[in-house]
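I opened this model to look up a few things and note them down. My entries follow, in the order in which I made them.

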There are 2 protein chains.
Amino acid sequence: MKLSTKGKYGLYAMVFLAQHDGEGPQSLKAIADLGLPEQYLEQLLGALRRAGLVTTVRGAQGGYQLAADPGDITVLDIIDAMEGPVNFSDCLSAPKNACPRGENCPTRGVWEYLTVKINDLLKGVSLKDMVENNVSLQVEGENE
Amino acid sequence: MKLSTKGKYGLYAMVFLAQHDGEGPQSLKAIADLGLPEQYLEQLLGALRRAGLVTTVRGAQGGYQLAADPGDITVLDIIDAMEGPVNFSDCLSAPKNACPRGENCPTRGVWEYLTVKINDLLKGVSLKDMVENNVSLQVEGENE
DNA sequence: TTAATTCCGACTTAATTTATCGGATTTCCG
DNA sequence: CGGAAATCCGATAAATTAAGTCGGAATTAA
């Protein structure tokens, strides 16, 4: 289980925008200077815009900026926009009785459980957390 | 972020073996009757064997069986064997200063955090839990 | 008007996933 | 002993997805 470069590049770009939040639009070139392929990144930023996570200013001096407060944009938002929703099994999106294994399939519950839990995890980290380096293994909500 | 069929088929097969634990070796054909492509499954079971999760009996009346108690085999073991370890970024396996972003990369902590947390999640579900349908959103270790 | 910049669809290439095939080996059982 | 039932294994093929490239249209500040 790994993250695609799409997800990673998207997150890098969003962190960059968070770091420059309030400084006006950041050009594609400036973001790509992080070491990301410029033309590929352009596609990804298009997806982020269509997902409502960034706004753009076209034309000279234009660029990209966050569409919301860094504290209100989470890793989940970004991963969802870049890779589609976390999905461990298509059987979850199908009606229960459509599954050839029937309703008491012993794995269905696990797919549900893991999907919900991982979504919670991703939702728990915002861009603000990241730029403030607030993410550690003892963050909020811990009990182990 | 999704699970490959490798991971899913592997888990289906292991649950089947757990359901028939103690009944002697189960043939590939019997497992494939779950609706999985037989020759592909054979590869996967080979990987599970090499990972030490199943043992095999060759020859007529042979087959596969769990190498350990169902309570001692977790979803993590199976996913790791099928897809390799959960890995959100290669920068984690490299030394800290090998990363071109330097030591204070704001995403590195997130990769670490998510990797550990997801591993914990997967480790928390055993085959025993699954066959007993013990997996729900209120399982052990909850505090939200 | 020009240069900077995003936007967009089509295309290419590379990598990975998902198988399939053919035969070698092992072992039960009559 | 011989045949059938199985696993084992390396190679290959097909399909899908990921990753990256290209060329040009549209927009806008200066």
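**Entry 1: a loop residue**

I began with A:Gln61, which sits in the loop between β1 (54-57) and β2 (63-66) of chain A. Strands here are DSSP runs of E with at least two residues, helices are runs of H or I with at least four, and both are numbered from the N terminus. I noted that this is a predicted model, where local features need pLDDT of at least 70, side-chain atom pairs count only at pLDDT 80 or more, and totals for chains, interfaces and linings use all residues. Residues are numbered from 1 along each chain as its sequence is written, chains are lettered from A and ligands numbered from 1 in the order in which they are written, and side-chain values use heavy atoms, with hydrogens and water left out.

I checked the backbone of A:Gln61 next. Its phi is positive, about 65°, although A:Gln61 is not a glycine. Most residues other than glycine have a negative phi. I also looked up exposure: A:Gln61 is exposed, with a relative accessible area of 71%. Exposed means over 50% relative accessible area, buried means under 20%, and partly exposed lies in between (1.4 Å probe, protein chains only).

Then I turned to chain B. B:Gln61 is in the loop between β1 (54-57) and β2 (63-66) of that chain. B:Gln61 has a positive phi of about 65°. B:Gln61 counts as exposed, at 72% relative accessibility.

**Entry 2: chain A as a whole**

I counted six helices and two strands in chain A. Along the sequence they follow the pattern α-α-α-β-β-α-α-α. Chain A has 144 residues, and 44% of them are buried. I then looked at contacts (heavy atoms within 4.5 Å). Of those in chain A between residues at least 6 apart in sequence, 62% join residues at least 24 apart.

**Entry 3: the core**

Which residues have the most contacts inside the largest nonpolar core? I found A:Met14, A:Leu41, A:Ile78, B:Met14, B:Leu41 and B:Ile78, in a core of 86 residues. Such a core is a set of buried Ala, Val, Leu, Ile, Met, Phe, Trp, Tyr and Cys residues joined through side-chain atoms within 4.5 Å. In soluble globular proteins, nonpolar side chains tend to be buried together.

Leaving aside neighbours within four places in sequence, A:Leu41 touches A:Tyr9, A:Ala13, A:Leu28, A:Ile31, A:Ala32 and A:Leu36.

**Entry 4: cysteines and a lysine**

Is A:Cys105 buried or exposed? A:Cys105 is buried, at 8% relative accessible area. B:Cys105 is buried too, at 7%.

B:Lys8 lies in helix α1 (residues 5-19) of chain B. B:Lys8 counts as buried, at 14% relative accessibility. Neighbours within four places aside, B:Lys8 is in contact with A:Phe88, A:Ser89, A:Asp90, A:Trp111 and B:Leu3.

**Entry 5: DNA strand D**

I listed 24 residues around DNA strand D, and A:Gln43, B:Leu28, B:Glu42, B:Arg49 and B:Thr56 come nearest. Near means that a heavy atom of the residue lies within 4 Å of the strand. By type, the 24 residues divide into eight nonpolar, 11 polar and five charged. Here Ala, Val, Leu, Ile, Met, Phe, Trp, Tyr, Cys and Pro are nonpolar, Asp, Glu, Lys and Arg are charged, and the others, Gly among them, are polar.

A polar side-chain atom of A:Gln43 is 2.8 Å from a base oxygen. For A:Thr5, a polar side-chain atom lies 3.1 Å from a phosphate oxygen.

**Entry 6: DNA strand C**

Around DNA strand C I listed 26 residues, with A:Leu28, A:Glu42, A:Arg49, A:Thr56 and B:Gln43 nearest. An N or O atom in the side chain of A:Thr56 is 2.6 Å from a phosphate oxygen of DNA strand C. For A:Arg58, a side-chain N or O atom is 2.9 Å from a base oxygen of DNA strand C.

Technical notes:
Polar contact = N/O pair within 3.5 Å; in protein donor to acceptor, adjacent residues only side chain to side chain.
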